[in-house]
Amino acid sequence: MSNAEAIIVSCGDTSKYLIGTSAGKGTVTYKRGRDGDLMFFECLNTAKEALTQQGFTSATLIMDNPYDEMIGEEASETSSHVISL
């Protein structure tokens, strides 16, 4: 694989996951289906499997939860962790 990094985003409000790649310039390209719509994965394992099939061995898991904003509080920081695939 090139210098691209794998990204998994946990969509906390829907219990689904997006996968994408980042080339280090702050831009993430998310996986899309044949129809051009974003592909959502129903569980973390299927998201990890899709990235493994692309040749990645690790990914940054980003967990973004809108709960604080929903109750009128200031948004808290996004949590991210590197995980093995």
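This is a dialogue about reading one predicted protein model.

Student: What should I know before I start on this model?

Tutor: The model is predicted, so local features need pLDDT of at least 70 and side-chain atom pairs count only at pLDDT 80 or more, while totals for chains, interfaces and linings use all residues. Residues are numbered from 1 along each chain as its sequence is written, and side-chain values use heavy atoms, with hydrogens and water left out.

Student: Where in the protein chain is confidence lowest, and where is it highest?

Tutor: The score to look at is pLDDT, the predictor's confidence in each residue, from 0 to 100. The protein chain averages 85, and 78% of the residues score at least 70. Helix 2 (residues 67-70) has the lowest confidence, with a mean of 62, and helix 1 the highest, at 96.

Student: How do I read strand pairing, and how many bridges join strand 1 and strand 2?

Tutor: Two strands pair if DSSP finds at least two bridges between them. Strand 1 and strand 2 are joined by seven bridges in the antiparallel sense. Among the facing residues, Ser-10 is opposite Tyr-17 of strand 2, and Ile-8 has Ile-19 of strand 2 as its bridge partner.

Student: What links strand 2 and strand 3?

Tutor: They also pair in the antiparallel sense, over three bridges; Thr-21 has Thr-29 in strand 3 as its bridge partner. The two strands form a hairpin with five residues between them, and Gly-24 in the turn has a positive phi of about 90 degrees.

Student: Are these strands buried or exposed?

Tutor: Buried means under 20% relative accessible area, exposed over 50%, and partly exposed in between (1.4 Å probe, protein chains only). Strand 1 (residues 5-11) is mostly covered, with six of its seven residues buried. In strand 2, five of the seven residues are buried, so that strand is largely enclosed by the rest of the structure.

Student: Which residues of helix 1 are buried?

Tutor: In helix 1 (residues 44-53) they are Ala-47, Lys-48, Ala-50 and Leu-51. These residues cover an arc of only 160 degrees around the axis, which puts them on the same side of helix 1; the arc is that of the directions from the helix axis to the C-beta atoms. On the other side of helix 1, Asn-45 and Gln-53 are exposed. Just after this helix, Gly-55 has a positive phi of about 100 degrees.

Student: Which residues form a salt bridge?

Tutor: A salt bridge is a side-chain nitrogen of Lys or Arg within 4 Å of a carboxyl oxygen of Asp or Glu. The structure holds one. Glu-42 pairs with Lys-16, and their closest N and O atoms are 3.7 Å apart. Glu-42 lies in the loop between strand 3 (28-30) and helix 1, and Lys-16 in strand 2 (residues 16-22), so the pair ties together parts that are 26 residues apart in sequence. Glu-42 is exposed, at a relative accessible area of 57%, whereas Lys-16 is partly exposed at 29%.

Student: Which residues does Leu-85 touch?

Tutor: Contact means heavy atoms within 4.5 Å. Leu-85 is in the segment after strand 5 (79-84) and counts as partly exposed, at 28% relative accessibility. Not counting residues up to four places away in sequence, Leu-85 touches Ile-8, Lys-48, Leu-51, Thr-52, Phe-56, Thr-57, Ser-58 and Ala-59. The C-alpha atoms of Leu-85 and Ala-59 are 7.0 Å apart, with 26 residues of separation along the chain. For Glu-49 and Leu-85, 36 residues apart in sequence, the C-alpha to C-alpha distance is 7.4 Å. Glu-49 is in helix 1 and is partly exposed at 48% relative accessibility.

Student: How can I view contacts over the protein chain as a whole, and what share joins residues 24 or more positions apart?

Tutor: Among contacts with a separation of 6 or more, 45% are between residues 24 or more positions apart.

Definitions and conventions
Helix = DSSP H or I, 4+ residues; strand = E, 2+ residues; numbered from the N terminus.
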